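Subject: Handover of a structure and its ligand sites

Hello,

I am handing this one over to you. Please open the structure below first, then read my notes.

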Amino acid sequence: MATLEEPLEIGGVTVPNRLYRAPVLECAGNGPDAVDALIEELEPTAASGVGLVCQGATIVRGEGGCAAPGMTRVHDPAFVSRLSRLTDRIHDHGSKIFAQLEYGGLRSMETWHAEYRRNHPDLEQLAVSDLPWQLRLLDRVGFLSYDPHVLSTDEVYELAADFGRSAAYCVEAGYDGIHLAGANMGIVQQFLSPFYNRRDDEFGGSPEARLEFLALVHDEIRDRAGDVPLMTKVPAETEAPPSPIVQRKLSLEDGVEIARRLEKIGYDAVVPVQASVAWDMSIVRGEYPDRAWDLEDLQDDYETVFGGPLRKRLVAVGNWLESLVYDFDPAWNESFCRRVREQVSIPVLAEGGIRERGQMDRLLGDGDADPACDAVGMARPFYAEPRLGARLLEADDETRVICESCNNCVVPQVTGEPGICRTPDVLRERGKLEQDGAYERE
Ligand SMILES: Cc1cc2nc3c(=O)[nH]c(=O)nc-3n(C[C@H](O)[C@H](O)[C@H](O)COP(=O)(O)O)c2cc1C
Ligand code: SF4
């Protein structure tokens, strides 16, 4: 069994311990202050001792494909080179930083953000195949708006090359590894998923063919960025609506098989994540964020974003229903990670509802059971406590994070607000911990 404090090797790079910050939106964009904003958000986490900082998803193209406002794009080498200031600052603390690459496809602002659509009337969403009937229905009733452009075979090759080019720019800027956003309903998952992928060229038609896009992205990254550590999230669509609403989806066994094949292709680590086919709360299980929906100063912005008061209300009701289905579940990806780890020899990283030091030790193999994973990560708890590493490393079993998984930080981000903790009790608790010196390291 490994302890949280022990180093971990990923693709030849040694991460100093097994605690990582999972990718979450920094909303830093690409403006003149982007690098400073990223430093401000990510450096405290490295300074607190966290071994690996996974930056939130960045977009491999200059147009479209952003899931939310403020995502940083990494298609432009001049901009990406400026990020060396960030990677240097992370390295100053002995931590490693991975860039996560993404393109939204059908999960883009083009489908849900009314104002963005108005301002970009010519943008189409890149799609792996024609829309499944479920999404056509959502379009017909006006809940989402789709104008998909199905990628030709040549265009799939071009998109994979963009992942390779962006990876090369990131490595040049000092990133220690590349992470792919493979399980947050973006284009990578859309290639993997039988729900979305109905192609009849070399990228569809069988489970092996649906993996071809990730094989091609791997080759493009290796060709352009060299032997950089490469990992990806791996989805199992176990949380998708049941049959007959959704019949074609990735089972847990499919997810395990994808991870097994990714190791053969040459991926250096995997992050198994139970997900849905829809963009819902399955990957951020927790409470209905009533406080966020009620924020006085954001009401007009919500209406602008969702296209009027009625649609805003509909989205909020949808959010409430999802919170009933996707209630918080401690370490909800544990069994998937365990199944994957039995089948692969590359590191398996676990995240999703991990909140206590004792639980982290158990996941890493303390106790009777075999380890479920080789590293443990958290996302929302770092919004609540950017310097969380200082409290969790070398800590006793009972130490737990103060984040309540209430999701009040998530909803305001649709308006371009930064990802910050917005729950007063939690902020007060952080203040007390700060006063007590809990985030200081020797
Ligand atoms: C606001 C927000 C943004 C996220 N952005 C990303 C992302 O860019 N890429 C990704 O792979 N996962 C993303 N996630 C998912 C997290 O990485 C993580 O898997 C999820 O929040 C569960 O972990 P937690 O319970 O510790 O928050 C995001 C989650 C949240 C709450
Ligand atoms: S608002 Fe704060 S407590 Fe709630 S999920 Fe976000 S970080 Fe955690």
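The notes below cover the ligands, then the pockets and cavities.

This is a predicted model, in which local features need pLDDT of at least 70, side-chain atom pairs count only at pLDDT 80 or more, and totals for chains, interfaces and linings use all residues. Residues are numbered from 1 along each chain as its sequence is written, chains are lettered from A and ligands numbered from 1 in the order in which they are written, and side-chain values use heavy atoms, with hydrogens and water left out.

Ligand 1

Helices (H or I, at least four residues) and strands (E, at least two) are DSSP runs, numbered from the N terminus.

Now the polar contacts (pairs of N or O atoms within 3.5 Å). A side-chain N or O atom of Glu351 is 2.8 Å from an oxygen atom of ligand 1. For Arg355, a polar side-chain atom also lies 2.8 Å from a ligand 1 oxygen. Ala379 uses its backbone: an N or O atom there lies 2.9 Å from an oxygen of ligand 1. Taken alone, ligand 1 exposes 610 Å², and the protein buries 94% of that (Shrake-Rupley method, 1.4 Å probe).

Ligand 2 and the largest cavity

Where does ligand 2 sit? It sits in the largest cavity. To sit there, more than half of its atoms must lie within 2 Å of the grid points. On a 1 Å grid over the protein atoms alone, a cavity is a set of points where a 1.4 Å probe fits but cannot get out; a pocket is an open set with protein on both sides within 12 Å along at least five of seven lines; lining residues have an atom within 4 Å of a point.

Other spaces

The count comes to 3 cavities of 30 Å³ or more. The second largest cavity holds about 40 Å³. Its lining includes Leu25, Cys27, Gly56 and Met71. That lining divides into 6 nonpolar, 3 polar and 1 charged.

The second largest pocket has about 340 Å³ of space. Of its 19 lining residues, Glu40, Glu41, Pro386, Gly419 and Ile420 are closest to its centre. The largest share of the lining, 6 residues, comes from α1. Helices α1 (34-47), α17 and α19 (424-435) each supply at least two. By class, the lining of this pocket has 12 nonpolar, 2 polar and 5 charged residues.

Best wishes

Methods
A polar contact is a pair of N or O atoms within 3.5 Å; within protein, one must be able to donate a hydrogen and the other to accept it, and residues adjacent in sequence count only if both atoms are side-chain atoms. Grid points are joined across faces, edges and corners, and a volume is the space filled by probe spheres set on the points. Ala, Val, Leu, Ile, Met, Phe, Trp, Tyr, Cys and Pro count as nonpolar, Asp, Glu, Lys and Arg as charged, and the others, Gly among them, as polar.
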